[in-house]
Amino acid sequence: MTDLAVAPEVSSSPRWSVDEIKALFDLPFNDLLFRAQSAHRQHFDPNEVQVSTLLSIKTGGCSEDCGYCSQSARHETPVEREPLLSLDEVLAAARQAKEKGATRFCMGAAWRGPKQKDLLPVLDMIRAVRGLGLETCVTLGLLKDGQAEQLADAGLDYYNHNLDTAEEFYGQVISTHGYSDRLETLHRVRQAGMRVCSGGIIGMGETRAQRAILIAQLANLEPVPESVPINMLVQVEGTPLSGAPQLDTLEFVRTVAVARITMPTSLVRLSAGRGEMEDSLQALCFLAGANSIFYGEKLLTTGNPDTDADQDLLRRLGIRAMAA
Ligand code: SAM
Ligand code: DTB
Ligand code: SF4
């Protein structure tokens, strides 16, 4: 179990027990979706999605061994190591994202965590992107003493740091850092007063019970993450998880629905994996309460639906972009 001294943001009287969450997963599909859609309508316009665009500001060559990740230096993947992008490159991408209708710009770096010399240029990027009138989010890995405060001072709106899977399964996917390291960074982000974006990856070989444990962990964070990305594993050639058995897509929809019911006021993001999803599956995810997407032809290193296809899908579903 997680040591509460390390992670004081884990509530001592949890809002949701793992058994309650397992029971949600086990509901008949239609009952589960009805409950999710009802919860969604209590807090959100069901015909709106929040639109974020993602940019990899530092790609590849990461020291960590995350079994799903194309950017680990320990896996032979098609991704090449690249230096940190310049401020001008980032600003050009952010301007384009804004023109295309994104309200939040998320910048990701393939680091275990930022070194101080790396953090300084990222602070400039945050200030500049904010200056364009976009919400800002960064995902830079584990934060050390004082770094969250520096990000907050630069005006960062959200820090993305996923718990990714159940604590008991984490060690089978990642050996170079632990679950308590992730919780400690989430705590630092909260202490510095920033909003939290934290979710996970589904389809890595975890059991349904482990999906329930992940959702319980997220839903019992105090306060609950404002943004909860639910990623479907994108299998990348050369990673240890390439070739993992494909998850039943309805189980992914169930996970979105359970996230919506247990975190009713959070944005639940239908994140990685949309590129491989039929429109009808994405529509089911929206019905299950997903109300945020990554918009733009690339995620970090893998593909995402092209923007024309997304505009067409949202038009056919009568879904509008949410104002920031
Ligand atoms: N290095 C930082 C870290 O690990 O927190 C930030 C970047 S990392 C790529 C951000 C997140 O992307 C991971 O926590 C994971 O949830 C997601 N991710 C990475 N590769 C993925 C894949 N192949 N499929 C689905 N999600 C993935
Ligand atoms: C999140 O939960 N998903 C995004 C974002 N946060 C950083 C990353 C998805 C990465 C998918 C694989 C890739 O493109 O490399
Ligand atoms: Fe590095 Fe993040 Fe990829 Fe893990 S998920 S290998 S920490 S970039």
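User: How many nonpolar, polar and charged residues are in the lining of the largest pocket?

Analyst: This is a predicted model. The largest pocket holds about 440 Å³ of space. Its lining is made of 22 residues, and those closest to the centre are Leu-54, Leu-55, Glu-297, Lys-298 and Leu-299. By class, the lining has 10 nonpolar, 7 polar and 5 charged residues.

User: Which elements give two or more residues to the lining of the largest pocket?

Analyst: The pocket in question is the one with about 440 Å³ of space. Two or more lining residues come from each of these elements: strand E1 (48–58) and helix H3 (87–100).

User: What is the space taken by ligand 3?

Analyst: Around ligand 3 are Cys-62, Glu-64, Cys-66, Tyr-68, Cys-69, Ser-72, Ala-110 and Trp-111. By class, this shell has 6 nonpolar, 1 polar and 1 charged residues. The space that ligand 3 takes is the largest cavity.

User: Is Asp-164 buried or exposed?

Analyst: Asp-164 lies in the loop between strand E4 (158–160) and helix H6 (167–173). Asp-164 is not a glycine, yet its phi is positive, about 70°. Most residues other than glycine have a negative phi. The relative accessible area of Asp-164 is 4%, and buried means under 20%, so Asp-164 is buried.

User: Which residues does a cis peptide bond join?

Analyst: Most peptide bonds are trans. Here, Pro-223 is in the loop between helix H8 (208–219) and strand E7 (227–232). With omega at about -5°, the cis peptide bond joins Glu-222 and Pro-223.

Conventions: Residues numbered from 1 in each chain as written. Chains lettered and ligands numbered in written order. Predicted model: local features only at pLDDT ≥ 70, side-chain atom pairs only at ≥ 80, totals over all residues. Heavy atoms only, no water. Near = heavy atom within 4 Å. 1 Å grid on protein atoms, 1.4 Å probe; cavity = no way out; pocket = protein on both sides within 12 Å on 5 of 7 lines; lining within 4 Å. Sits in = over half its atoms within 2 Å of the grid points. Nonpolar A, V, L, I, M, F, W, Y, C, P; charged D, E, K, R; others polar. Points joined across faces, edges and corners; volume = space filled by probe spheres on them. Helix = DSSP H or I, 4+ residues; strand = E, 2+ residues; numbered from the N terminus. Buried < 20%, exposed > 50% of the residue type's maximum accessible area, 1.4 Å probe, protein only.
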